Amino acid sequence: MSSARTAGGRHRKPKSVSPAVRRTLIVAAAAPVAGALFTAPSAFAADQLTPTEQRISDNLDARVVDERIGSTFSGVVLDAESDTVIWSHDAQTALMPASNTKLATATAALTVLGPDHRFTTKVVYDNGTLTVIGGGDRTLTADDIAALAKDAAAGLKSAGLDTVKVRIDDSLFPEPELAPGWTQNYYDDQVAPVRALSLSGSLNADTAIEAGEAFARQLGEQGITVEGGVTRGQAGPGTVPVAEHASEALSSVVKQMLKKSDNSIAEALLRATALGSGRPATFEGGVEAVRTVLSERYGVSMDNFVIHDGSGLSRDNRIPAQTIADILDNVTEPANRDVLRSIDEGLPVAGETGSTLGPEWGRFDTADSKCAVGEVKAKTGTLTGAAALSGLTKGEDGRWRVFAFVENDSPAAAADVKDALDGLAATVNGCWA
């Protein structure tokens with residue numbers, strides 16, 4: 001990942017080698033030059049761009065100077081199959097990536113936990129108290145809570161009980177805190193304080209108590225009297241399981257997170273990934289897990305890569321466009337397909353209603369970019385003073401290309417910046433020729 005990446009050059013991800021192969025390479029390296037055992041493969045020579053690639057490169061050179069984009073910009077375009085760098089502009093410059101950070105979070109979560117992982121919410125009984133134990137499921141719905149209450153009520157009635165206390169246990173994750181680069185006004189607006197028990201979509205200051213209160217109300221609907229208010233505490237040993245709910249597979253959760261750019265799901269996944277890797281369920285533990293997965297499993301360079309959260313809300317996050325493209329490039333590798341498929345499938349599609357690239361967000365609706373509706377899939381990123389668009393598109397020549405564009409500090413209005421980035425994506429597709 002440290003090799004030079006200029007237009008027409010070959011960009012290669014490091015590959016792991018077996019001990020036997022490593023020993024062979026060591027012996028070869030020790031051999032005298034005159035008796036060299038191998039010559040450098042031609043794949044390391046610079047490639048010439050095809051006419052289509054050259055046109056894309058030339059058009060991007062002309063269009064990246066758009067005053068809407070401004071002067072603080074990092075971008076790169078790769079051929080997904082050959083890894084040829086078709087075009088780059090300050091690709092190694094680390095900028096605020098906003099929600100493009102979620103691509104790193106999703107990659108780490110799927111790799112550590114596995115795409116079939118499910119988050120489990122449990123209800124246990126002990127000494128007159130039902131305890132709802134959070135398992136980090138940020139997709140838990142009101143209907144799921146109602147089903148848990150129905151099962152729990154049935155168990156109580158079969159035991160001849162009609163009165164109970166309710167407690168919540170959200171101890172799987174530590175006490176919520178702000179990440180570096182977060183401000184207090186993110187809460188109740190952009191993200192909820194990160195807790196292990198929560199209703200889907202809730203931005204409540206205490207999502208765990210809120211979920212417990214919803215559970216208590218549903219018990220009442222089932223004819224069970226709840227004594228006192230909902231309390232917080234850990235379930236002790238010897239409890240009796242009475243109800244359980246498992247989320248959809250992680251692959252589906254990742255798709256939901258990417259389509260909607262759900263910050264709260266991203267932060268829950270960061271903590272679950274930390275736990276799955278044997279680290280504390282904190283911002284720091286999750287970030288360490290992400291860095292380890294990206295560098296050691298996928299060969300992504302961590303040079304200039306700085307994140308403090310899983311959602312990209314932190315204004316202290318910095319990622320180069322090259323790194324974002326490398327993350328997406330790994331998604332396209334057949335060897336990674338089984339694990340990372342849901343990232344590809346979860347990327348919003350240009351013009352897709354209900355996603356962050358939908359018409360309700362004013363995306364891909366200009367004369368320059370509307371030709372790419374249905375042809376580009378990409379992760380958006382938006383913070384005050386930052387915009388990003390990184391994804392995949394299949395050109396008219398039938399080749400898939402990976403692109404990453406990150407802009408900071410443009411003087412233009414946010415909507416105008418998004419239009420400019422959409423135009424760059426349409427350029428990569430080739431429909432805006």
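Analyst: Happy to! Let's begin with two helices, H2 and H11, whose crossing is right-handed. Keep in mind that this is a predicted model.

User: At what angle do H2 and H11 pack, and how far apart are their axes?

Analyst: The angle is about 165°, and the axes of H2 (residues 51–63) and H11 lie 9 Å apart. Angles over 145 degrees count as roughly antiparallel, and H2 and H11 are therefore roughly antiparallel to each other.

User: Nice. Which residues meet there?

Analyst: From H2 you have Ile56, Asn59, Leu60 and Arg63, and they meet Leu424, Thr427 and Val428 of H11. Sorted by kind, the residues of this contact are 4 nonpolar, 2 polar and 1 charged.

User: Switching topic: how many disulfides are there?

Analyst: The count comes to 1 disulfide. It joins cysteine 371 to cysteine 431, with an S to S distance of 2.2 Å.

User: Where do those two cysteines lie?

Analyst: Cysteine 371 is in the loop between helix H10 (337–346) and strand S11 (376–383), while cysteine 431 is in the segment after helix H11 (414–429), so the pair ties together parts that are 60 residues apart in sequence.

User: And is that disulfide left-handed or right-handed?

Analyst: The torsion about the S-S bond of cysteine 371 and cysteine 431 is about 60°, so the disulfide is right-handed.

User: Last one: how does cysteine 371 count by relative accessibility, and what about cysteine 431?

Analyst: Cysteine 371 has 33% relative accessibility, so it counts as partly exposed. Cysteine 431 has 24%, so it counts as partly exposed too.

Note on methods: Residues numbered from 1 in each chain as written. Predicted model: local features only at pLDDT ≥ 70, side-chain atom pairs only at ≥ 80, totals over all residues. Heavy atoms only, no water. Disulfide = S-S within 2.5 Å. Helix = DSSP H or I, 4+ residues; strand = E, 2+ residues; numbered from the N terminus. Buried < 20%, exposed > 50% of the residue type's maximum accessible area, 1.4 Å probe, protein only. Axes fitted to C-alpha atoms, helices over the stretch in contact; angles between N-to-C directions. Parallel < 35°, antiparallel > 145°, perpendicular 65-115°, else oblique. Left-handed = near helix turned anticlockwise from the far one by under 90°. Contact = heavy atoms within 4.5 Å. Nonpolar A, V, L, I, M, F, W, Y, C, P; charged D, E, K, R; others polar.
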